[in-house]
Amino acid sequence: MLASTVILAGATIARGVNQSASAVPYSNGMNQEFQAALAQYRSGNFAEAAAKLEKLLPRAPQSYELHELLGLTYAGESENKNAVEQLSLAVDLKPDSGVARTNLATGLLHAGRMTEAEAQFKKALQLEPGSYSANHNLAEYYLQSKNLPDAIPLLIEAQRIDPAAYDNGYDLAEADFMSGQLTDARDVVQKLLKQKDTGELHNLAGQIEEKDGRFLEAAKEFEVAAHLDPSEDNIFAWGSEFLLHRTYEPAIEVFRQGTQRYPQAPRMFIGLGMALYPRGLYDEAIKALITAADLNPADPRCYLFLSKAYLSAPNQAEDVIGRFRRYAESQPHDALAQYYYAMSLWKGRRTQATPIDFGTVESLLHKSIVLDGNNADAHLQLGILYATQHEYAKAYPEYIRALQLNPNQADVHFRLGQYYVRSGEKDRAQAEFDTYKKLHAQYLADVDKERAEVKQFVYAAQNATGGQTHP
C-alpha cells in the first residue's frame, strides 16, 4: 500500500536532470561533455555518467549543475553516501532551489537519514508552497513514515493544485481509507475512476466497501478489478472477499482460477484449501494445502489450516505427516511446528494399522511446551496423552495448566471432569461437566474464532505482497 513512495526518487531525479539540462554555463567543449554525461545518465549507464562527470568536476568545482547531476548519478548506483555529499554541495550552491532541496531530501531518505530528509522536504515546501511536487513529496515522506495525519492535508493541497495527478489521488484515497475516512476515500476513488479506470482503483474501492460492511458492493469491485487486471493481488482479493463471508462456492471457483493462473503462489492454494474444507471436499482441501506447503515450506499459515483439515482425510495421513515432519525439522525452535508434528503423528494414524510412537509424540509435546509454555493446547494434549497411558497423576497438572492459560476451552473442563470421576470427586466432576456443556454450546453457536483466523490469514497474505503498485 501507498506504493508510489517507491517512485519518489525517480520523479525528483527526472526534475533535477531537466533543471541541469536547461542552462549550463560552460565552454562548448565542456557543455558537450556534460551533455554526453547527461545522456549516459538518462540511458541508465550510471557508471559511465559518473566517470565523465568526475573528470569534469575539477574544471568547474563551483558548478551547481555538475554536483547535482553527479549526486543523482551516485544515487542511481545506490552509492548513498557519495550521493548525499554531492547533493549537499549542490544545495550549498543554490540554497533557494526547491529542486535541489528535494533531491537532497531523497538522497538522505535512501541513506536512512530520516530526520534530515524531512527537514529538506519541508524546506522545499517553504521555498515553493504552491508547488504540486513539493506538497506531494513531503506527503510521500509522511506516508512512508506512516504519519497519515500530516500526510493527508498535503495530499489534499497537491490534489487541489493538480486534480489530474493520478498517483497523488490514489495515495489520498488510500490514506483516507487507512485513517477510517471511508466517505472521503470513496469520493476520491470515484473521481479518479472517471479519469482512469484501473484494476487497482477498483481493488481499493473493494477494500473501502468491505471495511464499510458492504459485502456485495465489495465483491463486485474486487471482481471488476480482477477482470481489468487479473494480477495475483486482485484475484486473491476477490476470492478472499467470498472466503471472509463464507460464500464458499464462488470462493472455490475464484481460487481455482487463481491457482491455474499463478501455480507458484502459496496463498492461492491456502485460500482454495480453506474454501474446499467447509464444503466437505476434504481430500481436495488437503491436496491444496499440501501444495502450498511444498511451494513455501517455511510459511506457518498453511500448517495452521492443514492441522485442522487432515483429520477429515485419513487416507492422506502419510503425506500430511511428511509435511509436518519437514516443517518441524526445518524450524526446530518453533513451538507450533513441534506441536503440529506431534499431533499429526498421533491423530493422523488413528485409523491405520501402523502403531503410534507415543514416546516421540510425548517428546515433541514437551519440546513445544519448553519453547512456548503458553500454548494451552499443547498442555491439554499432553495431559490427554498421559491419560491414555493411564498416567492420571501426570495428566492432572497439564489439565490445570491448560485451564489457567485458557479457562474457556471446553475440552479442558471435560477432561478434568473425567479425572474427578476417576478420583471419586463427584461434585467437582459435575461442576466441570456443567461448564463443559455450557462452553461447548457456546462454541457451536460462535464461529468468530474461525472467522478471525480466516481474516488474519487474508490480511497477512495481502500485506506480505506489499499491496498494490502503480503502473
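## Close-up views of a predicted model

**View 1. Pro 407 and its partners.** Setting aside neighbours within four places in sequence, Pro 407 is in contact with His 413 and Leu 439, where contact means heavy atoms within 4.5 Å. The C-alpha atoms of Pro 407 and Leu 439 are 9.9 Å apart in space, while the two residues are 32 apart in sequence. Pro 407 belongs to the loop between H23 and H24; helices here are DSSP runs (H or I, at least four residues), numbered from the N terminus. With a relative accessible area of 45%, Pro 407 is partly exposed. That label covers values between buried (under 20% relative accessible area) and exposed (over 50%), found with a 1.4 Å probe on protein chains only.

A note before the next view: this is a predicted model, so local features need pLDDT of at least 70 and side-chain atom pairs count only at pLDDT 80 or more, whereas totals for chains, interfaces and linings use all residues. Residues are numbered from 1 along each chain as its sequence is written, and side-chain values use heavy atoms, with hydrogens and water left out.

**View 2. How confident is the predictor?** The term pLDDT is the predictor's confidence in each residue, from 0 to 100. The protein has a mean pLDDT of 88, and 87% of its residues reach 70 or more. Over residues 1-24 the pLDDT stays under 50, and the model has 62 contacts beyond four places in sequence for them. Residues 466-471 also have pLDDT below 50, with 22 contacts in the model beyond near neighbours in sequence.

**View 3. The largest nonpolar core.** This core has 73 residues, and Ile 286, Phe 324 and Leu 365 have the most contacts inside it. Helix H20 (residues 335-347) gives the most to this core, with 8 residues. A nonpolar core is a set of buried Ala, Val, Leu, Ile, Met, Phe, Trp, Tyr and Cys residues joined through side-chain atoms within 4.5 Å. In soluble globular proteins, nonpolar side chains tend to be buried together. What does Phe 324 touch, not counting residues up to four places away in sequence? Its partners include Tyr 303, Leu 306, Tyr 310 and Tyr 341.

View 4. The whole structure holds 17 aromatic pairs. Rings of Phe, Tyr and Trp (its six-membered ring) pair if their centres lie within 6.5 Å; planes under 30 degrees apart count as stacked, over 60 as edge-to-face and the rest as tilted. Phe 121 and Tyr 141 make a tilted pair, 5.9 Å centre to centre with 40° between the planes. Phe 121 sits in helix H7 (residues 114-127) and Tyr 141 in helix H8 (residues 132-144). Tyr 396 and Tyr 420 are edge-to-face, at 6.2 Å centre to centre and 65° between the planes. Because Tyr 396 lies in helix H23 (residues 392-405) and Tyr 420 in helix H24 (residues 410-422), their pair ties together parts 24 residues apart in sequence.

**View 5. Two loop residues with positive phi.** Most residues other than glycine have a negative phi. Ser 78 is not a glycine, yet has a positive phi of about 65°. Ser 78 lies in the loop between helix H4 (64-76) and helix H5 (80-93), and is exposed at 56% relative accessible area. Lys 146, not a glycine either, has a positive phi of about 60°. You can find Lys 146 in the loop between H8 and helix H9 (148-161), where Lys 146 counts as exposed at 75% relative accessibility.
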